[in-house]
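This report is meant for a reader who is meeting the structure for the first time. Please look over the sequence and the model below before reading on.

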Amino acid sequence: MDIKKTIEDIVDKLKSDDGLKKQFLSDPTGALEKLTGIDLPTDQLDAVVSGVKAKLTADNIGDAVKGLGGLFKK
């Protein structure tokens, strides 16, 4: 299993579906099993959950920084 690719695919799906994103935030395990269609081993599941959370957070921070860039233009 390519965990990095799985994380990217899941993040893309979560960004396009607010209901699924809410489910992930409240029940990451259930959301991941629903998205992947497979029952992941705990060690892989933990890695994917951590990776998705980190990617979502990084993307949200990146969007916020982009928005702040307009404040300093003349």
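Which residues have the most contacts inside the largest nonpolar core? In this predicted model, they are Ile10, Leu14, Phe24, Leu32, Val48, Val52 and Leu56, within a core that has 15 residues. Helices α1, α2, α3 and α4 each supply at least two residues of this core, and the largest share, five residues, comes from α4.

**Overall layout and confidence**

Of its 74 residues, 27% are buried. Among the contacts with a separation of 6 or more, 63% are accounted for by residues 24 or more positions apart. The accessible surface comes to about 5000 Å², and carbon and sulfur atoms hold 55% of that surface.

The mean pLDDT of the protein is 76, with 77% of the residues reaching 70 or more. Confidence is highest in helix α2 (residues 18–26), at a mean of 88, and lowest in helix α4 (residues 42–69), at a mean of 71.

**Contacts of the core**

Val48, which is one of the core residues with the most contacts, touches Ile3, Thr6, Ile7, Ile10 and Leu32 when residues up to four places away in sequence are not counted. Two of these partners, Ile10 and Leu32, are also listed among the core residues with the most contacts.

Helix α3 (residues 28–36) has Pro28, Gly30, Ala31, Leu32 and Leu35 as its buried residues. Pro28 counts as buried because its relative accessibility is 15%, the cut-off for that class being under 20%. Leaving aside neighbours within four places in sequence, Pro28 is in contact with Gln23, Val49 and Lys53. Just after α3, Gly37 takes a positive phi of about 75 degrees.

**Pairs brought together in space**

The table sets out two pairs of residues with their separation along the chain and the distance between their C-alpha atoms.

| Pair | Separation in sequence | C-alpha to C-alpha distance |
|---|---|---|
| Pro28 and Lys53 | 25 residues | 9.4 Å |
| Lys15 and Leu56 | 41 residues | 8.3 Å |

Of the residues in the table, Lys15 is found in helix α1 and is partly exposed, with a relative accessible area of 46%. Leu56, its partner in the table, is one of the core residues with the most contacts.

**The salt bridge**

How many salt bridges does the structure hold? The structure holds one, and it is formed by Lys5 with Asp9, whose closest N and O atoms are 2.8 Å apart. Lys5 and Asp9 are four residues apart in helix α1 (residues 3–16), so they are separated by about one helical turn. An α-helix has 3.6 residues a turn, so residues three or four places apart point the same way. Both members of the pair are partly exposed, Lys5 with a relative accessible area of 46% and Asp9 with one of 31%.

Notes. Residues are numbered from 1 along each chain as its sequence is written. This is a predicted model: local features need pLDDT of at least 70, side-chain atom pairs count only at pLDDT 80 or more; totals for chains, interfaces and linings use all residues. Side-chain values use heavy atoms; hydrogens and water are left out. pLDDT is the predictor's confidence in each residue, from 0 to 100. Buried means under 20% relative accessible area, exposed over 50%, partly exposed in between (1.4 Å probe, protein chains only). A salt bridge is a side-chain nitrogen of Lys or Arg within 4 Å of a carboxyl oxygen of Asp or Glu. A nonpolar core is a set of buried Ala, Val, Leu, Ile, Met, Phe, Trp, Tyr and Cys residues joined through side-chain atoms within 4.5 Å. Contact means heavy atoms within 4.5 Å. Accessible areas come from the Shrake-Rupley method with a 1.4 Å probe; for residues, only the protein chains shown count as cover.
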